[in-house]
Amino acid sequence: MERLLTFRFRKPALSPAPRYSILFRAWTPQASKPLLVTSSIRRALLVAVAGLAYFASAAAVTDGALRLTAKVGDVRKYKLTAAVKFQDQDLAVTGGVNVKVMRVDDAGLITVQVTATSTQAKGGDQPIPVQDSPALVEVFKPDGTLSELRGENASQTAYRLETLTSVKLPAFPLEKDKTWTWDIFPNPKVGIQKATIDYKVLGEEIVAGIATWKVSRAIKETEGDSPATGDGTVWINKRDGTLVKQVDVWKNAPIPNAQSPVDGTFTLELQPPA
């Protein structure tokens with residue numbers, strides 16, 4: 001689940017700035033106030049973004065199938081790095097992503113609050129001052145898919161990106177070479193477009209001292225003027241279903257309020273407890 005985040009950029013002193021419209025609020029020469037642009041990754045990028053991190057208890061396996069559970073108050077911290085190209089400009093973003101479990105209901109829906117911290121950005125060699133944006137609230141189902149977004153940045157495009165960067169867990173036990181496909185049905189009300197995501201278990205791997213399933217995913221929208229595609233890998237905690245690491249390479253990533261789609265690579269990595 002990649003996490004959608006937003007940032008607010010201010011105009012650099014005594015220097016020109018192109019229109020930066022990726023995963024953040026960007027100052028542009030044509031506007032006197034920031035443009036709202038969200039980023040993820042699952043999630044995160046936040047995307048992942050991107051749904052991304054879950055806070056599971058020890059009992060996250062049901063009938064052999066991995067499922068997400070959570071405890072209210074649990075917090076996980078991730079490191080986000082993004083290298084993107086937008087309107088012929090190379091942009092780099094680094095920072096932290098904190099995810100806190102706010103609520104778990106009787107149906108297993110998990111409500112989390114996602115917050116960006118210590119965000120830094122550069123356009124080419126030019127540093128860009130950044131102010132972190134308000135948190136985004138996300139609700140996920142036990143199978144890892146997005147149920148709802150809340151907050152000022154919960155736009156239709158945000159729904160679209162968050163859905164694409166969610167990891168839908170299958171109804172069968174994971175093992176090497178297992179494959180499955182998630183057919184995403186369009187929902188014009190919230191902005192979701194028709195898409196497919198193909199998953200394959202590449203094997204088992206220890207990442208940051210945690211036993212994980214290494215899973216590839218191929219994301220492909222099948223409608224729209226600029227359908228998004230992405231190829232990535234997610235590392236999922238074998239015990240509780242939480243995200244340990246995620247790397248996605250995007251073409252035509254849907255970024256809210258951007259004047260055109262965005263290409264780039266987004267990486268999200270779980271950080272050890274302080």
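## Overall picture

Helices (H or I, at least four residues) and strands (E, at least two) are DSSP runs, numbered from the N terminus.

What you're looking at is a predicted model, where local features need pLDDT of at least 70, side-chain atom pairs count only at pLDDT 80 or more, and totals for chains, interfaces and linings use all residues. Residues are numbered from 1 along each chain as its sequence is written, and side-chain values use heavy atoms, leaving out hydrogens and water.

## Inside and outside

Of the 274 residues, 52% are buried (under 20% relative accessible area; exposed is over 50%, partly exposed in between, with a 1.4 Å probe and protein chains only). The protein exposes about 11,800 Å², with carbon and sulfur atoms supplying 50% of it; this area comes from the Shrake-Rupley method with a 1.4 Å probe.

## A run of paired strands

Strands pair if DSSP finds at least two bridges between them. β13 (195-207) and β14 (210-221) run antiparallel and are joined by twelve bridges, with Glu205 opposite Thr212 in β14. On to β15 (residues 229-237): β14 pairs with it over nine bridges, again in the antiparallel sense, and here Trp213 sits opposite Ile236.

## Two positive phi values

Most residues other than glycine have a negative phi. Ala208, though, has a positive phi of about 55° in the turn of the β13–β14 hairpin, which has two residues between its strands. Ala208 counts as exposed because its relative accessibility is 61%.

Asn252 also has a positive phi, about 60°, but its place is in strand β16 (residues 243-253). At 21% relative accessibility, Asn252 is partly exposed.
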